[in-house]
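The report below describes one protein chain, from its overall form down to single residues. Please keep the sequence and the coordinates at hand while reading.

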Amino acid sequence: MKKMDRRRFLRWAATGVAGAAGATALSGCGSGTGSGDVTLKLVAADYGNPGANNSSKIYWRKLADAFTEKNPGIKVDVTVHSWNDIGKKLTEMVENGNPPDIAQVDSYADWAAEGKLYKVSELLPIPVQAEFLSSLAEAGEVRRVQYGLPFVGSTRVLFYNKDLYAKAGLDPDEPPSSWEQLQVHARRLKEAGVKIPYGLPLGPEEAQGEALMWMLGNGGSYVDSVGNYTLNSPENIETMQWLRDNMVVPGYTEPNPQRVDRQKLFDAFSAGQVGVLNGHPTLMQQADQKNVSYGTGKLPGRDGPAEGTLGVADWMMAFRKNGHREECGKFLSFVYEEKNHYAFASQYGLLPVTTSASERMREDKRHKKLWPFLDQLASAEFYPVGKVSWAATNAALKETVGQAAMKGGDPKSVLTTLQRKAEAAEKKAESA
């Protein structure tokens, strides 16, 4: 079902136009165990800062208590892990046959393909389903069935240091809009003594994200319109060649960018040592805390501003093992009520994934700095997280895609090797 068709169907069904189909979907929350008191186990990631009093556990505990007050027969036991630990912890729980009822993490496709997750249509009534932004709902699909519930999102914009621009004799109100302009600005910044003219994080933390942002600026991507991998497309090879020859080799980036992680460059930008880099809302918060004078703009593309940008979402899912479909559906519907969903996104400076909460953020002047990110969310390009082979492909990209842009690197060879690995992972996933 195409994006517009999907949204129309859900909206029609929400108002009763879809007839029997709507009634079937609405029944997803109306039948379950019905066996008295139930305790749901929720495992979630922590968006708080280490050592600060803003752990996500506080939000979830308050939300769980408010939910139980309205639904006395359902309690929610909350466990929150750091992003460094949650993937391993959750995987161990699932492999040991003891998955939680609900999890909030960054991936879901493997468990969906193994039949371990409820379909979204089994959990949420159609009015709640219709609230999700279409691009994010579709990113939650495995083989055209939605299992992943987008939780919060972010997009990427270009950040630049206005003081360093002024130091280099550049207009602090005019960020680069094309690769050629970016190269000129980087050269001027280097000549002015800026330590890192352009921050290029191609280390294993998020090399796949930085590489994709550059590829989008040249009409490339990781997959085509029907989901086939295109890692070694001519556009992607050309992108990495340009990046190598025009940014890395002349020394306009940090030395050996294939070994540098994003957070290290975020810290350097916040310390006034980086002229330009790509970033998301977290960098904005970090730079504000350090009183950095910065501006933002669209990602530069080959011949002008890139037509798209990278979008990233985290996900919620419900496991079948304990049979608490009705209770999971009720709690998830509560999670996505406007006030509850907005409270979380607002607290952590992230983007809401529902129409109502997005509109509320767009009207909230306290979050005016988030509006450029929010404007891009519906049209952003997301990782192909619904492909069961993506986990293996993503790991390979993180480890090696940066080599394509290093001095002496061979973009065609690196990307072709990655393409073969991706195709092998896809074949293995299809035969499983």
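## Overall form

What radius of gyration does the protein chain have, beside that of a compact globule with 432 residues? The protein chain has 22 Å, which agrees with the value near 22 Å that a compact globule of 432 residues would have; the radius is taken over C-alpha atoms, and the globule rule is 2.2 Å times the number of residues to the power 0.38. Along the principal axes, the C-alpha atoms fill a box of roughly 70 × 50 × 45 Å.

The model is a predicted one, in which local features need pLDDT of at least 70 and side-chain atom pairs count only at pLDDT 80 or more, while totals for chains, interfaces and linings use all residues. Residues are numbered from 1 along each chain as its sequence is written, and side-chain values use heavy atoms, with hydrogens and water left out.

## Secondary structure, surface and charge

The protein chain holds 20 helices and 12 strands, which are DSSP runs numbered from the N terminus (helices H or I, at least four residues; strands E, at least two). Among contacts (heavy atoms within 4.5 Å) between residues at least 6 apart in sequence, 74% join residues at least 24 apart.

Of the 432 residues, 56% count as buried, where buried means under 20% relative accessible area, exposed over 50%, and partly exposed in between, with a 1.4 Å probe and protein chains only. The accessible surface, from the Shrake-Rupley method with a 1.4 Å probe, comes to about 19000 Å², and 48% of this belongs to carbon and sulfur atoms. The 51 positive and 51 negative charges have mean positions 1 Å apart, with Lys and Arg counted as positive, Asp and Glu as negative, and His and the chain ends not counted; each charge is placed at NZ of Lys, CZ of Arg, CG of Asp or CD of Glu.

## The nonpolar core

A nonpolar core is a set of buried Ala, Val, Leu, Ile, Met, Phe, Trp, Tyr and Cys residues joined through side-chain atoms within 4.5 Å. The largest such core has 134 residues, and W60, Y108, M316 and F331 have the most contacts inside it. Leaving aside residues up to four places away in sequence, Y108 touches several residues, including L117, Y147, W315, M317 and V385.

In helix α13 (residues 262-270), the buried residues include L265, F266 and F269, and among the elements covering the buried residues of α13 are β7 (157-161), β8 (196-199) and α14 (281-289). After α13 comes G272, whose phi is positive, near 75 degrees.

H341 lies in helix α16 (residues 338-348) and counts as buried because its relative accessibility is 1%. Not counting residues up to four places away in sequence, H341 touches residues including Y59, F151, Y336 and P352. The C-alpha atoms of H341 and Y252, 89 residues apart along the chain, are separated by 41 Å.

Most residues other than glycine have a negative phi. R143, although not a glycine, has a positive phi of about 55 degrees; R143 sits in the loop between β4 (141-142) and β5 (145-146), and counts as exposed because its relative accessibility is 54%. N291 is likewise not a glycine and has a positive phi of about 60 degrees; N291 is in the loop between α14 and β10, and is exposed, with a relative accessible area of 70%.
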